[in-house]
Amino acid sequence: MDGIDLQAVQDGMGSVAGPLQIWVLPALLGLGLASATGLRTFLPLLMLALAVKFRMFGIELNDQMAWLADWPAIGALGVAAVAEFAGDKIPVVDHGLNVLGAFTRPVAGAVAAGSVFAGLDPTTAAIAGIIVGAPTAFAFNAVQGGARLTSTATTGGVGNPLLSFIEDVLSFFTVTLAFLAPILAPVVLIVLAVLLFRLANRLRAKLYARDGLTEAAPRSP
């Protein structure tokens, strides 16, 4: 078109697309993955590895983390994910996994987030992963731990398997939404946090109500 420098427009679009592809979208995807690892250590990593292996959603890994999409790593992650899924449905074992998760899930979050910074050198990608992934995973694991302790106090642990299954579903759908629309990751993160907080508060309210009835019982005629 007259009066429009098409080359200048293309150059301008390229200058915007560069940071978007290298920094913004990987950071958003990393946030989604890290929030999911705060609930489940291995499931998000397994889903990421499978997505890359089968070339789904256009996701690429940093060269240093390419091993994550190899079959031995996928097999190990699959076994670990199944073991975590089953173990988290067993009383006492679930608390042990949650305590262990306070250390393993921030690491998993950092690995997941850092691996999707495909356009960066390995050191910068690892640092970006730590900044984006570790605190996000730790925060969601802390919220999960609070909800789990409240559930144990409220139901004597009977309600924990159901709560665990809800966390499985939330982790799976959080990763799926991050794959499909990483730009929505902050919204998904907020919604997930609100859901977990509301669930914890509802369980806490039941605990307070039960304690109130227990204290009031001796005073009844």
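Me: Buried means under 20% relative accessible area, exposed over 50% and partly exposed in between (1.4 Å probe, protein chains only). How many of the 11 residues of helix 2 are buried?

Reply: This is a predicted model, in which local features need pLDDT of at least 70 and side-chain atom pairs count only at pLDDT 80 or more, while totals for chains, interfaces and linings use all residues. Residues are numbered from 1 along each chain as its sequence is written, and side-chain values use heavy atoms, with hydrogens and water left out. Helices are DSSP runs of H or I with at least four residues, numbered from the N terminus. Helix 2 is largely enclosed by the rest of the structure, because the number of its 11 residues that are buried is 8.

Me: Which residue takes a positive phi just after helix 2?

Reply: The buried residues of helix 2 include Pro 44, Leu 45, Ala 51 and Val 52. Just after this helix, a positive phi of about 55° is taken by Arg 55.

Me: Is Ser 164 buried or exposed?

Reply: Ser 164 has its place in helix 6, residues 160–180. Its relative accessibility is 0%, and therefore Ser 164 counts as buried.

Me: With which side chain does the side chain of Ser 164 make a polar contact?

Reply: Leaving aside neighbours within four places in sequence, Ser 164 is in contact (heavy atoms within 4.5 Å) with Arg 40, Asp 88, Lys 89 and Arg 148. A polar contact is a pair of N or O atoms within 3.5 Å; within protein, one must be able to donate a hydrogen and the other to accept it, and residues adjacent in sequence count only if both atoms are side-chain atoms. At 2.5 Å, the side chain of Ser 164 makes such a contact with that of Asp 88.

Me: How many residues apart are Trp 23 and Phe 117?

Reply: Rings of Phe, Tyr and Trp (its six-membered ring) pair if their centres lie within 6.5 Å; planes under 30 degrees apart count as stacked, over 60 as edge-to-face and the rest as tilted. The count comes to 4 aromatic pairs. Among them, Trp 23 and Phe 117 are edge-to-face, with 6.2 Å centre to centre and 65° between the planes. The pair links Trp 23 in helix 1 (residues 6–37) with Phe 117 in the loop between helix 4 (93–115) and helix 5 (122–155), and the separation in residues is 94.

How values were computed. Helix = DSSP H or I, 4+ residues; strand = E, 2+ residues; numbered from the N terminus.
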